[in-house]
Amino acid sequence: MNVIIIEDEKPSARRLQRMLKSLDVEAETMLHSVEESLEWFQNNEHPDLIFLDIQLSDGLSFEIFETLDINSAVIFTTAYDEYALQAFKLNSIDYLLKPIDDDDLRNAVNKFKGRAPQKQAVTLDFNDIKKLLVNPIEREYKKRFSVKVGQHLKLINIEDIECIYSENKGTYAYTNEGRNYLLDLTLDQLEEELEPDVFFRVSRKFYININAIKDIISYTNSRLQIKLSHFDEQEIIVARERVKDFKNWLE
């Protein structure tokens, strides 16, 4: 099965790639813009299946299908709600609302595998979509968290958080004041909530704020150790498979 991912947020694309790999589905090609996708489709055999984000950095991904006849099945990966998706007259197999759930992804892949093997051009009414999206969605990331402290609610600004980590089935935000606060989201759920230029998931356990990095040290097995300005409760290690992406993120 030939599968590609079209998603402008590289951390989200890599997460989806890892989730697919756990289902024995390889998606080696990841495209991040309309321009890059158009060039790729003009020079490569069309895949069996496309995981497609609706809004890319340089426009709506539907522009790809308006320009070219794409002979592939499509599964949306989108933050749009179910009602909005009804207006997309696209020959899609399914859609996955972000943040993508493991079971939903598995069901969508199985749905694709169970359909009759056929390829046909994707058709859509682009004018209807443009009317629906008169004001394209602006990417909005979390600006603050509200957390419960005793009988009170406390607001924590995102820029005051050095790292977010999981421990004992809980998710905690550590602030530059040296305090931990329990959040009501998992690290996976935070994937779409955190500004990717500011926060990076260095391991299954940790997100770190780039502005809180004090030092980066070579560690065993080609890994890296991160020292933050105040957090010293435990070691923060960049997983070996994420070191390359981490270095790219730093730049």
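At 9% relative accessibility, R15 counts as buried, where buried means under 20% relative accessible area, exposed over 50% and partly exposed in between, using a 1.4 Å probe and protein chains only. The model is predicted, so local features need pLDDT of at least 70 and side-chain atom pairs count only at pLDDT 80 or more, while totals for chains, interfaces and linings use all residues. Residues are numbered from 1 along each chain as its sequence is written, and side-chain values use heavy atoms, with hydrogens and water left out.

**Salt bridges**

- A search of the whole structure finds 4 salt bridges, each being a side-chain nitrogen of Lys or Arg within 4 Å of a carboxyl oxygen of Asp or Glu.
- As background, side chains of opposite charge can pair when their charged atoms come close.
- R15 has E191 as its salt-bridge partner, and their closest N and O atoms are 3.6 Å apart.
- This pair links distant parts of the chain, with E191 in the loop between β12 (180-183) and β13 and R15 in helix α1, 176 residues apart. Helices (H or I, at least four residues) and strands (E, at least two) are DSSP runs, numbered from the N terminus.
- E191 is buried too, with a relative accessible area of 11%.
- Another salt bridge joins R14 to D245, with 2.9 Å between the closest N and O atoms.
- R14 lies in helix α1 (residues 10-21) and D245 in helix α7, so this pair ties together parts that are 231 residues apart in sequence.
- R14 is buried, at a relative accessible area of 16%.
- D188 and R201 form a salt bridge as well, their closest N and O atoms being 2.7 Å apart.
- Here D188 sits in the loop between β12 and β13, and R201 in strand β13, 13 residues apart.
- D188 counts as partly exposed at 31% relative accessibility, whereas R201 counts as buried at 13%.

**A sheet of three strands**

- Look for an open sheet of 3 strands in the order β15-β16-β17, paired antiparallel. Two strands pair if DSSP finds at least two bridges between them.
- Why is one side of β15 and of β17 left without a neighbour in the sheet? β15 (213-218) and β17 (236-238) stand at the edges, and each has a single partner strand.
- On average, neighbouring strands of this sheet are turned by 30 degrees against each other, direction ignored. For such angles, axes are lines fitted to C-alpha atoms, for helices over the stretch in contact, and angles run from 0 to 180 degrees between N-to-C directions.
- β15 and β16 pair in the antiparallel sense over 5 bridges, and D215 has K227 in β16 as its bridge partner.
- These two strands form a hairpin with 5 residues between them, and N221 in the turn has a positive phi of about 55 degrees.
- Strand β16 (residues 224-228) is joined to β17 by 3 bridges, and the two run antiparallel. I226 stands opposite I236 in β17.

**The helix across the sheet**

- Helix α7 (residues 243-250) lies across β15, β16 and β17, running at about 140 degrees to β15.
- Which residues of α7 are buried? V243, F246 and W249 are.
- Seen down the axis of α7, its buried residues fall within an arc of 120 degrees, so they line one face of the helix. The arc is that of the directions from the helix axis to the C-beta atoms.
- The cover over these buried residues includes β13 (199-201), β14 (206-209), β15, β16 and β17.

**Aromatic pairs**

- The whole structure holds 9 aromatic pairs. Rings of Phe, Tyr and Trp (its six-membered ring) pair if their centres lie within 6.5 Å; planes under 30 degrees apart count as stacked, over 60 as edge-to-face and the rest as tilted.
- The rings of F206 and F231 have centres 5.7 Å apart and planes at 75 degrees, so this pair is edge-to-face.
- F206 lies in strand β14 and F231 in the loop between β16 and β17, 25 residues apart.
- F206 is buried at a relative accessible area of 2%, and F231 is buried at 5%.
- Ring pairs link Y165, Y172, Y174, F206 and F231 into a cluster.

Methods. Contact = heavy atoms within 4.5 Å.
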